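Here is a short report on the fold and packing of one protein chain. Please keep the structure open while reading.

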Amino acid sequence: MAQPQDQQLDCALDLMRRLPPQQIEKNLSDLIDLVPSLCEDLLSSVDQPLKIARDKQVGKDYLLCDYNRDGDSYRSPWTNKYEPPLADGAVPSDKLRRLEVEANQAFETYRELYFESGVCSVYLWDLDHGFAGVILIKKAGDTEKIKGCWDSIHVVEVQEKAQGKNAHYKLTSTVMLWLQTIKETSGTMNLGGSLTRQAETDSPVNESSPHIVNIGRMVEDMENKMRSTLDQIYFGKTKDVVNDLRSVSDLKQKMNQKAIADELLAKMQQGH
């Protein structure tokens, strides 16, 4: 039987999934104020919108998350240094750092192809039998009529096998999306939500298919699928609801179209 605290956590997470993504920080803070005992569980379980910082040494932006944080400092993927400076902050091994640099370059190209603008960061860390990493992408838009933000968080765990010639990849992806349109004719409309999906695969590791290619392929496929799912769930469903509430064409025309469709269907069935 579930413990009262487990039930509280399940209810809190269920509630967070139904609240607007653009207000996650406020809603999370309010929940923690209501149930302080769930603080650690909620902070570790709820993905929050990504924040942007700037590496002054190279003049490039990077994204902040728990995976590049040590205490109150965050590690830049460009210089491998913490800000504020931290003498003994966790950093990847030399071999993994080289892979991290290459991954950041590769996903910068991916971001330019799919998002045009925005910020992307990749962070890797060592495991006993392989390594893990996170790919972060943030694209925000803010104009007079349309505001919105896309945050994607891809956590991948890589277990190397057969002397490094094969590897098992486990990917957990979360996308948070919100849009706000402001028009004189229709007023203000908010639309948003989040989606989490997982995928696992085994792939060979060689010169033509290194880790970056294998991970990149998984992230690309996952983002495309999640993009389609978000389109169907949020935009498609909203369109269906609006159409049910008010038809674009007049009812008489719709009834005539339905009558013709029913008549054609009846004749086709008679033919069979």
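## Helix α5 and its partners

The buried residues of α5 pack against α4, β7, β8, β9 and β10 (187-204). The model is a predicted one. The buried set in α5 consists of His211, Ile212, Asn214, Ile215, Gly216, Met218, Val219, Met222, Glu223, Met226 and Leu230. An α-helix has 3.6 residues a turn, so residues three or four places apart point the same way.

Helix α5 runs for 35 residues. From first C-alpha to last, α5 spans 50 Å, close to the 51 Å expected at 1.5 Å a residue. A bend of about 25° occurs in α5 at glycine 236.

## The sheet

Five strands make an open sheet in the order β6-β7-β8-β9-β10, and their pairing is antiparallel. β6 and β10 are the edge strands, each pairing on one side only. From one strand to the next, the twist averages 10°. α5 packs on this sheet and touches β7, β8, β9 and β10. The direction of α5 makes about 145° with that of β10.

Two strand pairs can be followed in detail. β6 and β7 are antiparallel and share nine bridges. They form a hairpin, with two residues between the strands. Valine 119 lies opposite lysine 138 of β7. β7 and β8 are also antiparallel, over 13 bridges. Here isoleucine 137 has serine 152 of β8 as its bridge partner.

## Two nonpolar cores

In soluble globular proteins, nonpolar side chains tend to be buried together. The largest nonpolar core in this model has 29 residues. Phe107, Phe131, Ile135, Val158, Tyr169, Ile215 and Val219 touch the most other members. At least two residues of this core come from each of α4 (94-114), β6 (119-127), β7 (130-142), β8 (146-161), β9 (166-183) and α5 (211-245). α5 gives the largest share, seven residues.

A second core is separate and has 24 residues, including Ile24, Leu31, Val46 and Tyr62.

## Contacts of valine 158

Which residues does valine 158 contact, leaving aside neighbours within four places in sequence? They are His129, Gly130, Phe131, Ala167, His168, Tyr169, His211 and Ile215. Among these partners, Phe131, Tyr169 and Ile215 are also listed with the core members that touch the most others.

## Methionine 176

Methionine 176 sits in strand β9. Is this residue buried or exposed? Methionine 176 is buried, because its relative accessibility is 3%, and buried means under 20%.

Not counting residues up to four places away in sequence, methionine 176 touches Ile24, Asp47, Gln48, Pro49, Cys149, Trp150, Asp151, Ile153, Gly193 and Ser194. One of these, Ile24, belongs to the second core.

## Serine 203

Serine 203 has its place in strand β10. With a relative accessible area of 12%, serine 203 is buried. What does serine 203 touch, not counting residues up to four places away in sequence? Its contacts are Asn166, Ala167, Tyr169 and Asn214. Of these, Asn214 is among the buried residues of α5, and Tyr169 is a member of the largest core.

Technical notes. Residues numbered from 1 in each chain as written. Predicted model: local features only at pLDDT ≥ 70, side-chain atom pairs only at ≥ 80, totals over all residues. Heavy atoms only, no water. Core = buried A, V, L, I, M, F, W, Y, C linked by side-chain atoms within 4.5 Å. Buried < 20%, exposed > 50% of the residue type's maximum accessible area, 1.4 Å probe, protein only. Helix = DSSP H or I, 4+ residues; strand = E, 2+ residues; numbered from the N terminus. Contact = heavy atoms within 4.5 Å. Pairing = 2+ DSSP bridges. Expected span 1.5 Å × (residues − 1). Bend = angle between axes of the 7 residues up to and from the residue. Axes fitted to C-alpha atoms, helices over the stretch in contact; angles between N-to-C directions.
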